[in-house]
Amino acid sequence: MNNKFSRIIFDNIVTIIFVILCLAGIVASKLPLFFIASQLLTRIGRNSFLVLSLIIPVLAGMGLNFGIVVGAMAGQMSIILVTNYALKGVEACTGVTGFLIAVVISTPIAIFFGWVTGLILNKTKGQEMITSMMLGFFANGLYQLLFLFLVGTLIPMENPVLMISGGVGIKNVVDMNHSIRYAVDTIYKRPFSELLIIMGVMGILLSLWIMKKSKGSKVYKEKVGNKPFVYIGVSALFIALSVYFKSTGSLFANIKVPISTYAVIVGLCVFNVLIIKTKLGQDFRTVGQSRHIAGIAGINVDKVRIISIIISTVLAAWGQLIFLQNLGILNTYGSHEQAGMFAVAALLVGGASVSRATIGQAILGVTLFHTLFIVSPQAGKNLFGNAQIGEYFRTFVAYGVIGVSLGLHAWKNLVISKRKSI
Amino acid sequence: MKTIAEKVVKPLGIPRLIIISFLAILYVSAFFLKLPVAGLVNSHLVRMGMNGVLVLAMVPGILSGIGPNFGIPIGIVCGIIGGLMSIELDLYGANAFMVAVLISIPLAAVGGYFYGVLLNKVKGSEMMVATYAGFSVVSLMCIGWLILPFTSNEMKWPIGTGLRTTISLGKRFDKILNDSLAFNIGSITIPTMLFVFFFAMCFLVWLYLNSKAGIAMKAVGENPKFAIASGINVDKYRIISTVVSTVLGAIGIIVYAQSYGFFQLYTAPLMMAFGAVAAILIGGASSTYATIFHVILGSFLFQGLLVVALPVANVLVPEGNLSEVMRVVVQYGIILYALTKAGGGK
């Protein structure tokens, strides 16, 4: 029992440390819970899609895809295009249609980028992560070359709002006010209390479905265990909270939540679950477990790996679109740079590792990671009299979490392989 | 004829030849664009010398099988602390430089030891862990620069807390190596001491590589199993090579700073590792093999590209900073190329 307990702690050490850090940060920052919650709800909607785009390559044994930076670039290219036409008065390029056009434009670009990334990563099996990271830096150089020098010279473009005054290159900041700012968020926005009820009802429906299914199959019932009851409990808690907020007239009830954005995220979660059940999803898992065995079993390993990276890159492009439509401002030469690192850090905070990542870990990770991001400047100010310390602390934590998780994972693998050889 | 071509091409490799010819083209076009070629050569030589030691720091890591030391910011941070200590002690001139080096060496040795222990625990993913270990240390030291109790007014912000982002070495040891014993050949200035120092460091590393410890270290890198069979303590030699590499990183940043004239704090050291890695790879090293010659050729070529490309690019394309973009493309392109060469295609 004791052994099991310590193993649970060891396996989830990163998450546990982070929960403690977040709680300490919340207390130290003295920020009102209302503020934290409303910030958090925005940021979860903004960032989850990007983090979820990391899952499939992990499944295929390629580690954390730092190369989603390349996907983010594809997304930004389409935003610049769409904003350009929106500013020229093309009505279709604004709002929801504009967003859909951006999705349509970014997809083939991202597929191409993903294919190239996949080809390169197939040449460096075993070192995918560092390679995808270097690829991101390298692609950033080409991206700057494109938007600083080629646009306006080789690629004809005229737009005084978007371009640097010489007529060559895109400005540092692209304001999406006239194109697709809040395009997805504003489709359907409801108060937080209603979101809680929706989540509660969905949770109960899900657990009822699981229970119904487990009646038919004993194996399935054992696998699920007492999960449905946990789900029902949590769902009931959500509904109770919602009723409580409503009845006390608490501020929480009135936080507006972009349900449409959340629906898109849920859609991606469903996609991630469903794809595992297909032939392709099983191929991912087989390749992830052992490339050698997968190869013998007649799976085209290289092709499967490329497909997984393509999916990840396309999702990252869409994720960046969602991220930026919520921010409303595109930092042309900076928005994508941190996309990969923050998404990876968030996923790892949720308890994922290089070889295993689930949807739950992604959502938990985004929540924890952003809680720390919200509270740390204020906490730093209260504790040390300097908000800068808090800001440096959170970057340190982001880098540190990635370093520690990667280190722990590599160490575990080394121990396992040593045991095997003895 | 063919044999001569082969003799030149084979040891240099195609990427080297491309870069050498590109550098030559840059110099020729600089001449025809009526740019001050002598000035370019001057800064080329200075840049080569000031970055050389940082590039040299890559050699022990690569040879002991750890791979390019992406965690060199750990050494860099130790070097900066040494430099700041010498300013805090109110030293001037050569003394200040020597004290900075002497203080940073034990710091870097301790840091490098723990870093080496960490790398031994993560065999197989050293590069990734090293990168993030470096990033973490740099961002942790950002907090350090804010709260460390330095008192010198040269280093502190006049108002508020913490150290300045760039600390001028003005009267302290600015260009102490560059200027001493410097002489002119025509209009080209040779920064004698800078080169003497750089080549002395190269020579020391060469001595080390050919000593008993160095040969054992190379054996560890070439074939760890064979090394164990011959009774070599693999983990020990990996730690030694990491310590040497970290110490070289610390000395490297002091040499860099005295030539640059400033210490750059906070996030400045974050990406410095990649430049050094790219330089040694351009010199012809791979992620498993490197020589002193690769260090010298690599810092010559890479820094040459950066120095000469800037003015030439500015004449050709007046807007923006094309050479900075080219640096990013070349730097990460060469690292990417080396990674794809090293990885198995199985």
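## The interface between chain A and chain B

Buried area is the accessible area, taken with a 1.4 Å probe, that two parts lose on being put together, summed over both. The size of an interface is often given in this way, as the accessible area lost when the parts come together. In this predicted model, about 3600 Å² is buried between chain A and chain B, and carbon and sulfur atoms give 78% of that area. Phe149(A), Tyr392(A) and Tyr399(A) supply 18% of the area that chain A buries against chain B, more than any other three residues. With contact meaning heavy atoms within 4.5 Å, 40 residues of chain A and 44 residues of chain B take part.

Across this interface there are zero salt bridges, a salt bridge being a side-chain nitrogen of Lys or Arg within 4 Å of a carboxyl oxygen of Asp or Glu.

## The side of chain A that touches chain B

Helix H6 (95-123), helix H7 (128-150) and helix H17 (387-421) of chain A each supply at least two residues of the side that touches chain B. H17(A) gives the most to this side, with 15 residues. Helices are DSSP runs of H or I with at least four residues, numbered from the N terminus. The residues of this side of chain A divide into 25 nonpolar, 12 polar and three charged. Here Ala, Val, Leu, Ile, Met, Phe, Trp, Tyr, Cys and Pro count as nonpolar, Asp, Glu, Lys and Arg as charged, and the others, Gly among them, as polar.

Thr131(A) lies in helix H7 of chain A and, at 0% relative accessibility, counts as buried. Buried means under 20% relative accessible area, exposed over 50%, and partly exposed in between (1.4 Å probe, protein chains only). Leaving aside neighbours within four places in sequence, Thr131(A) is in contact with Ile120(A), Leu121(A) and Thr124(A), and also with Leu336(B) and Leu339(B).

## Salt bridges within the chains

Side chains of opposite charge can pair when their charged atoms come close. Over all chains, the structure holds seven salt bridges. One of them joins the side chains of Arg190(A) and Glu194(A), at 2.9 Å from N to O. Arg190(A) is partly exposed at 30% relative accessibility, and Glu194(A) is partly exposed at 27%.

In chain B, Lys123(B) and Asp235(B) form a salt bridge at 2.7 Å, N to O. Lys123(B) sits in the loop between helix H5 (93-121) and helix H6 (126-147) of chain B, while Asp235(B) is in helix H11 (residues 234-260) of chain B, 112 residues apart. Lys123(B) is partly exposed at 27% relative accessibility, as is Asp235(B) at 31%. Glu126(B) and Arg238(B) also meet in a salt bridge, at 2.7 Å from N to O. Glu126(B) belongs to helix H6 of chain B and Arg238(B) to helix H11 of chain B, so this pair ties together parts that are 112 residues apart in sequence. Both Glu126(B) and Arg238(B) are buried.

## Two buried polar residues in chain B

Gln331(B) lies in helix H14 (residues 322-342) of chain B and is buried, at 1% relative accessibility. The side chain of Gln331(B) makes a polar contact of 2.6 Å with the side chain of Arg327(B). Apart from neighbours within four places in sequence, Gln331(B) is in contact with Met271(B), Phe274(B), Gly275(B), Ala278(B) and Phe302(B).

Asn69(B) is in the loop between helix H3 (58-63) and helix H4 (73-88) of chain B, and is buried with a relative accessible area of 4%. Not counting residues up to four places away in sequence, Asn69(B) touches Met58(B), Tyr115(B), Ser245(B) and Ala273(B). With Ser245(B), the side chain of Asn69(B) makes a polar contact, side chain to side chain, at 2.7 Å.

## Confidence and conventions

pLDDT is the predictor's confidence in each residue, from 0 to 100. Chain A has a mean pLDDT of 85, and 99% of its residues reach 70 or more. Confidence in chain A is lowest in helix H9 (residues 218-224), at a mean of 71, and highest in helix H14 (residues 301-327), at 92. Where pLDDT is low, the predicted coordinates should not be read in detail.

Residues are numbered from 1 along each chain as its sequence is written, and chains are lettered from A and ligands numbered from 1 in the order in which they are written. Local features need pLDDT of at least 70, side-chain atom pairs count only at pLDDT 80 or more, and totals for chains, interfaces and linings use all residues, while side-chain values use heavy atoms, with hydrogens and water left out.

Definitions and conventions:
A polar contact is a pair of N or O atoms within 3.5 Å; within protein, one must be able to donate a hydrogen and the other to accept it, and residues adjacent in sequence count only if both atoms are side-chain atoms.
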